[in-house]
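Grab a pencil and work through these exercises one at a time. Each task is followed by a solution that goes step by step.

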Amino acid sequence: MKKIDVLYVGIMLVGAFWAFIVTSNSEPISRVTPCKLVDIIAQSDKYISTDELARRLMSDDPTLTLIDLRNKQEFNSYSLNGAINIPLQDLLNKQYVDIINQDVQTVIFYSNSSDLAVKAWMLTQRMGYSNNYILKGGLNRWVETILRPEEPSATATLADYEKYSFRKAASAYFGGGSVTGESVSKKPALHIKRRKKAAAGGGCD
Amino acid sequence: MKRYLIIYLVGLLALSSCNTKQDIRFKLSPEEAAQEANSGSYVISPELLGDIYYSMDKSSNYQFIDLRTPLLYDNGHLKGAINIPFTALSHNHNCETFISQKHINIIYGESTEQVIFAGFLLQQLGIQNYFIILGDYDFIENNIIKHYNVLSAPYNPEIAQYNYAKIVKETAGSQNYSGGGKTAKPTLHIKRRKKAAAGGGCD
Amino acid sequence: MKNYKNIIGILFILIGIGFSSCTDSNISSTKATIIIPPIKNQSEALINFFSQNGDYINASESPYLIGVEDIKDNMANYLLLDTRYHEDYIKGHIEGAINVDRESIINFLKPLNIYQYKRIIIIDNTGQGAAYVTSILRAMGYGNAYAMKNGMAAWNKEFAYHWIDGVGNKYPNYVDNVMVKKPKKGKYPSFTTKGKTLSEILEIRAQKEIKYNFSITIDNLISNYKDYFIINYWPKSNYMIAHLKGAHWFQPKKSIKASTDLSTIPAKGKVLVYCYTGQNSSAVVGYLRLLGYDAYSLRFGSNSFMYNEAVANHWHPFIAAEKVHNYPLIKGENPSIKKSAVANKIKNPDLNFKHRKVVLPDPSEVCD
């Protein structure tokens, strides 16, 4: 009778242990599940636009931490002012935890496009970090919108023009060319609308 | 006998909770995912998408998945695409289709970012038979369907489209920024109480 | 008592099994290959493709000409490709223009990251060859390709002779205003290339046709007048005033379509298209040649055989005083060190796509 009892208790323990082993093999319960992650992605505020970033950089916002996710070589040839280089594959290294797991600093990930930043953001969400953002469009859009803003068309709204003049100012702020040198040949920042002589294309010649 | 019943119930609960729970789990840990993040996104070029689109055939082995909202989907979508709104991805039935191995899923959505989210999610789940289309649906519509601009349209894979340093140099400005050389300067990362919700975010 | 313990034990084992079976559902996934079905009827597929995707040749902006004034103002954002003979290029070219001949232009563009240029501008002597090349590049998917209107003849008076020598009033006997009946619908031309997908077929067709000597002079036309099915490509009101004898009226931007009159053009035999300056017709000819028609454009259009009437009716006559500018020329071999360096270094992002294997069945295998 007693021996059998011990046997059953033993079996029970083995069963429990088995269950424990098998479940702990996969994702720990404390971490985010895939479905939960999808909900987080769908519901959070995760982007910062190039305009917004330019605005905050120009106002010397001290709470901004820029993380450049590209490789060292690309980082060295050009990076945004004050950015820290953490190649994406090293993002979760222990040495960087203090930088990306932040409450106070707004951490902004960027790369050439949004690709790496989106992935980095997703990983930080899996780790449960907060206050991280993605630079939408990355450096490519930074060039297109801030460094080389496109003049709005004649039918554009007033808001478009305001945005354009902000971008023009930002371009002058972030541009690296000396004002006396190359810029002489460039057109003035304030663009006076002219009538176009001949529209491109069209016509039945 | 009471104890017997209670234990029985607990056992049943454990079993049933397990059955109703999503069985889908990450195959890669975050650390592993970070390691593989650079190598795993399977992006279709506009040219290849054009080839696929203009040879659409019922005998094909792929399935377009549209991640946008049903409203946008109804307004226009790729021929043969099924709609799985990104926000409803975690619903059981959608999940099954999304990770289904029957077809090669070719995923597009309302923005490049959304599609990369979906693609990276699949990658972390260990799914391999998918492709993603960057750009939003408008890009596809304007540059593949309505006009065929596959070779000149600004598609945005993760590669420098410009020589940034040169452009900054050419742009008249005040920063006189001389390019690289900056090493990761240690920034303040002392944790303080959060003052206010950080700005940013523009959905 | 014994039973009771027994059951508890079994229960725990069951729980264990339950947990394990539920985590065991790892998704097994293997890399797959997309199978793109081969295009069976290539010529028909191309016609369908054009009619589905907005039909660039019938779009409002067609034939995609761009004036020299605009180019002068926006040179920095444009990729200028000069397709003239090298001798002419050395005599003088626009600053930053790269000398690429028609034959190699497709291979030249391929590795470039094209979209960072606002436009690709094709330059030639008169604008006609440029319109032809532009038309073919557009078909291939270069949606930012444009032709420089009237060519170098409009850029600098040094080259104006290319156009001025082209105008004339010979052959008054060949001009009349008799309406010609619309021909019956027929078949489309057919061709088969080694291409397996749309982009491959387009590229093979383009590579073949882009170097073709597609334009003929009025003298040449007159001496073989009967050989040609002549298409008049300008509005009907003007057609009723004057046109080449026996020419068929085709409505600009409406008629060269599968849904309208495309099939009334003979699939076999020579087709001649003319318009006012030869530029619009060159673009149309580029399109028709891609589709397999043996089409030609009349050099300098109506300017070449009824110049005086063109002037009187304001039918886009080439009047040197109005059209020719005196914009700066760069002489010599050295093109645009600056710009060609940029153009050559930047690689197409496509090369970085990690396409998993895409299976393209060989058309010969599936042919029946």
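Rings of Phe, Tyr and Trp (its six-membered ring) pair if their centres lie within 6.5 Å; planes under 30 degrees apart count as stacked, over 60 as edge-to-face and the rest as tilted. This is a predicted model, in which local features need pLDDT of at least 70 and side-chain atom pairs count only at pLDDT 80 or more, while totals for chains, interfaces and linings use all residues. Residues are numbered from 1 along each chain as its sequence is written, chains are lettered from A and ligands numbered from 1 in the order in which they are written, and side-chain values use heavy atoms, with hydrogens and water left out.

**Exercise 1. Aromatic pairs**

Find how many aromatic pairs the structure holds over all chains, then classify the pair C:Trp155 and C:Tyr327.

Step 1. Over all chains, the count comes to 31 aromatic pairs.

Step 2. For C:Trp155 and C:Tyr327, the ring centres are 5.0 Å apart and the planes stand at 65°, so you call this pair edge-to-face.

Step 3. Now place the two rings. C:Trp155 belongs to helix H7 (residues 151-155) of chain C, and C:Tyr327 to the loop between helix H14 (320-323) and helix H15 (337-345), so the pair ties together parts 172 residues apart in sequence. Helices here are DSSP runs of H or I with at least four residues, strands are runs of E with at least two, and both are numbered from the N terminus.

Step 4. Check burial (buried means under 20% relative accessible area, exposed over 50%, partly exposed in between, with a 1.4 Å probe and protein chains only). C:Trp155 has a relative accessible area of 1%, so it is buried. C:Tyr327 has 14%, so it is buried too.

**Exercise 2. Another pair, and a charge**

Work out the geometry of C:Tyr228 and C:Tyr296, then look for a charged end over the ring of C:Tyr296.

Step 1. The ring centres of C:Tyr228 and C:Tyr296 are 6.0 Å apart with planes at 90°, so this pair is edge-to-face.

Step 2. C:Tyr228 is in strand S9 (residues 228-232) of chain C and C:Tyr296 in strand S13 (residues 294-298), so parts 68 residues apart in sequence are tied together.

Step 3. C:Tyr228 is buried at 11% relative accessibility, and C:Tyr296 is buried at 7%.

Step 4. A charge sits over a ring if NZ of Lys or CZ of Arg is within 6 Å of the ring centre and within 35 degrees of the ring normal. C:Arg289 has its charged end over the ring of C:Tyr296, 5.4 Å from the centre. Likewise, C:Arg84 lies over the face of C:Phe159, 4.9 Å from the ring centre.

Step 5. Finish with a group of rings: B:Tyr53, B:Tyr54, B:Tyr148, C:Phe49, C:Phe50, C:Tyr56 and C:Tyr287 make up one aromatic cluster.

**Exercise 3. A buried glycine**

Locate C:Gly286 and say which residues it is in contact with, leaving aside neighbours within four places in sequence.

Step 1. You'll find C:Gly286 in helix H12 (residues 279-290) of chain C.

Step 2. Its relative accessible area is 0%, so C:Gly286 is buried.

Step 3. Its contacts (heavy atoms within 4.5 Å) are C:Tyr132, C:Ser135 and C:Ile136.

Step 4. C:Gly286 and C:Ile57 are 229 residues apart in sequence, yet 9.5 Å apart in space, C-alpha to C-alpha.

**Exercise 4. Two helices in chain A**

List the buried residues of H2 and H3 in chain A and say what lies against them.

Step 1. In H2(A) (residues 34-43), the buried ones are A:Pro34, A:Cys35, A:Leu37, A:Val38, A:Ile40 and A:Ile41.

Step 2. Their cover includes helix H6 (115-127) of chain A, plus helix H5 (92-98) and helix H6 (112-125) of chain B.

Step 3. In H3(A) (residues 50-58), A:Thr50, A:Asp51, A:Leu53, A:Ala54, A:Arg56 and A:Leu57 are buried. Among the elements they pack against are strand S2 (64-68), strand S4 (106-110) and helix H8 (158-174) of chain A.

Step 4. Just after H3(A), look at A:Asp60: its phi is positive, about 50°.

**Exercise 5. Chain totals**

Summarise chain A and chain C.

Step 1. Chain A has eight helices and five strands, and 50% of its 205 residues count as buried.

Step 2. Chain C has 16 helices and 14 strands, with 57% of its 368 residues buried.
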